[in-house]
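I opened this entry to look up ring pairs and charged pairs. The structure comes first, and my notes follow.

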Amino acid sequence: MMGGAIVDANGTSLATARWICLVCGYVYDEALGIPDEGIAPGTRLQDLPEDWFCPECGVGKADFSPM
């Protein structure tokens, strides 16, 4: 651990975040992923495909803000 953060062998943070859709309020929790849509737990928002969209309202990742 570096500075209290959980990191991998390369020093990359393994902490996950929650993101809220600014349009509809849907919360994407990186720790949970969306297994029903093939998104594994631990998948970061930035690692989702560029064409990923909010499952509730259809907007893109740019319309999500960290919680």
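I took buried to mean under 20% relative accessible area, exposed over 50% and partly exposed in between, with a 1.4 Å probe and protein chains only. The model is predicted, so I kept local features only at pLDDT of at least 70 and side-chain atom pairs only at pLDDT 80 or more, while totals for chains, interfaces and linings use all residues. Residues are numbered from 1 along each chain as its sequence is written, and side-chain values use heavy atoms, with hydrogens and water left out.

Aromatic pairs. I counted rings of Phe, Tyr and Trp (its six-membered ring) as paired if their centres lie within 6.5 Å, calling planes under 30 degrees apart stacked, over 60 edge-to-face and the rest tilted. My search of the whole structure gave two such pairs. In one, Tyr 28 and Trp 52 are tilted, at 5.9 Å centre to centre and 55° between the planes. I then looked up burial, and found Trp 52 buried at 8% relative accessible area and Tyr 28 buried at 0%. Trp 52 also pairs with Phe 64, their centres 5.4 Å apart and their planes at 55°, so this pair is tilted.

Salt bridges. I required a side-chain nitrogen of Lys or Arg within 4 Å of a carboxyl oxygen of Asp or Glu, and the count came to two. Arg 18 and Asp 29 meet at 3.9 Å, N to O; Arg 18 is partly exposed at 42%, whereas Asp 29 is buried at 19%. Lys 61 and Glu 50 meet at 3.4 Å, N to O, with Lys 61 buried at 13% and Glu 50 exposed at 69%.
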